[in-house]
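Let's take a walk through this structure together. Have the sequence and the 3D view side by side as you read.

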Amino acid sequence: MVFNSFNFIVLFPFIFLLYYAIPAGHGRARNLFLLAVSYLLYMQWEPVYALILLEVTVVTWLAALLLERTRYPKRVLAAGVVLALLPLFLFKYFGFAGEAIGQAFAMAGLQFHLTGLNWAIPVGISFYTLQSLGYLRDVYYGRQEAERDFLTYALFVSFFPCILAGPINRASLVIPQLKRLRPCLDYAKAVEGLRMLLWGMFLKVVVADRVALYVDTVFGSYVNYTGMTCLLASLLYSVQIYADFAGYSLMAIGVGRVFGIELAENFRRPYFAVSVTDFWHRWHISLSTWLRDCIYIPLGGSRCPKLRNYWNILMTFLVSGIWHGASWTFIAWGLLHGISQVIEKMLGQQKCSYGWLGKTLKTVVTFLLVSFAWIFFRMPTLGDACNVVARILDTSLPKTFYSPGGTASLYMLLAVCIMVVKDTVEEAFGETRLPFYSGRRLVRWASYLAVLVFILLCGVFSSDQFIYANF
Amino acid sequence: MRRFLFKTGLFLLLAVLLDRGLGTLFSHMSDHASGGYLGHQNYIVNRSTDDILVFGSSRAIHHYNAALIADSLGLSCYNCGQDGEGIVLFHAWWEMIRRHHHPRLVIYEVTPAYDVLQGDNTKHLGWLKGHYDDEVVRREFDEINPRERYKMLSKLYRYNSRFHQVLLDYLYPVHNMTLGFLPVHSELDTLRIRDERQQNEKASKEELLTDTLKLRYFNDMTSDAGVTRFVFVYSPTWYGHHDFGIDPIMELAQRNGFLFFDFTDSTKYVHRNEFFYDGSHLNARGADEFTRDLICELRKHRVIE
């Protein structure tokens, strides 16, 4: 569900009231209600794609049940994985694979053409497929019991706050909560949920969408802008994608909490990371955890010869790149992160053992490295990404910045500053020092109202899509 | 549960009160702003009694020296141009102006992207948000984006992205326009010329779709004009003539007997760096030169007799 949409603002209170109108003792009825809501909201995008969601759910649910009974668990796991991945492959990668094979044949002087399917990608397919596969893997390794109740499992896969763009939850976190009888309303959790919803909305509409106006203008026709402008746009894109995705994740987790369900943490102030390795412990944590458990460790992890370990890191981030999109730009982005981490490991620079100055320096270097990689993530083709980099490095271009006009720059600067100050205070002193968590009710409520006023006065309400919803 | 609902309700009540209070304050400041863009806007919709009004986007506000027109024709003139705006804004303004005044002549600088072609019309409602309580404006909001009416329930949202403008124009009014004209004293930025060229090449390749709502607004304006004459103008561009999407306005002018002056292929201006600050906009020198040429055309065709 798009949290900054008009539909959400109207529907959310109704869903909330109807959910809590079901007595706490009828946990199954509540789950059934949430499942129905999740499917109905999903069908808003394209009703027929609910069948794909159902297929992935049924396949992984049955495969998990079979895993506990069969004498050939590997075969069942393989069949389950293939069948669960099939829609993802067909919708997302078929065209790209056909194109890549065609290019490979062309290089050998042969002709091969595989017609692409040209289907729109079902919303959230990458997220719910990964979540289901994670569950299957946990059952295979005996870390999670196969869920017998289809309703509970289907809700785990399709729970509406996280179906669009995660977080990618582990079954061991969510399923027990769904099975447990939830109290009428967990006051503290619900209040925290609303707080997260408010701050997530601020990040999305005030920071991300405001910065996007600049970034989209520059990257939309980068050949017309100076290297300095391209550099500024690429740094701002780092801000945009963080505010966009962290904003979405906060809102998803917040909505989950209002319904009494705890979802996986997804962000921990990633731009304060002291290395790219550290960055991945703070950025899209649910994905990096999934990649660690399902790709990195099965490949051998770090308990193997050094070279093999480096190879495992590269492969894990190659998969991460491919997961983000069927394009060479995402592959390059994934490999850049992989290579950076291999180098860090070789130099023993994954952590920071220096003083505050060394830490600050490493944080800045990491931010620049990550921002450099985001250029490949953002641009439509490898050629465009390289051109942007070339413009940034071109010293012959004028050293001027494009400024979108006083008002737009002012709002953008103000929004980014508020976000940076909040994250810095949280990183340095913990969230208890923030006005949101003040012991004084007056300060707390004043800060909520100030953020709300800021959203109304500075928010960009014309954009309603999240970057990660495209994956 | 009761505690949660009570506190949530209380928070919402406080939020509504704050929205009303601050919204009313902004509304007062906006209505009483005497300088800047808001002062300009207040003058146009509430007080203008000028014989000649100039409508159009940035190409109007930077191209038409209203003082020169007024002096040359012996009539009062005001430049109502607004950056990045087109018929969506001027149709509403026209309805509001007509309540207290009927000018003798309206010079409309046509910008196809804002006046003819399809696009996101919601973004052109920005300057009208502050006047949402006006029936004309509300009707236009409903026609363009019915969902906006729900956003407009918030009085603060009406000043979204403009609240600092409201504060500045009310507290520190700047009078940097001369009868609405805002000359740009700047040299040509060749980098931006490339931008225009590329955009035009792109535009020529894409299918350009006409926005029927925009054309209807033009028809509404011109068909019930009364004593007002309309003149449509396409002022000079650095890179020469292009006519993407301009045809419907030319047809409208022809049908209603209005004049259409096209200066885009005028050799006096094409590729003359000294007259422009970018590919689409004249600088102060170019604006004065063009205004003189326009006055000659108006005299030649006896537009004002």
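How many residues of chain A are in contact with chain B? The count is 21 in chain A, against 26 residues of chain B, where contact means C-beta atoms, placed from the backbone, within 7 Å. On the chain A side, the elements giving two or more residues are α1 (6-21), α9 (187-220), α17 (406-429) and α18 (441-458). Of these, α18(A) gives the most, with 7 residues. Sorted by class, this side of chain A has 16 nonpolar, 5 polar and no charged residues. Here Ala, Val, Leu, Ile, Met, Phe, Trp, Tyr, Cys and Pro count as nonpolar, Asp, Glu, Lys and Arg as charged, and the others, Gly among them, as polar.

Keep in mind that this is a predicted model: local features need pLDDT of at least 70, side-chain atom pairs count only at 80 or more, and totals for chains, interfaces and linings use all residues. Residues are numbered from 1 along each chain as its sequence is written, with chains lettered from A and ligands numbered from 1 in the order in which they are written. The model scores ipTM 0.79 and pTM 0.85. Chain B averages a pLDDT (the predictor's confidence in each residue, from 0 to 100) of 86. Confidence in chain B is lowest in helix α10 (residues 190-205), at a mean of 55, and highest in strand β2 (residues 77-79), at 94. Helices (H or I, at least four residues) and strands (E, at least two) are DSSP runs, numbered from the N terminus.

Note on methods: Contact = placed C-beta atoms within 7 Å.
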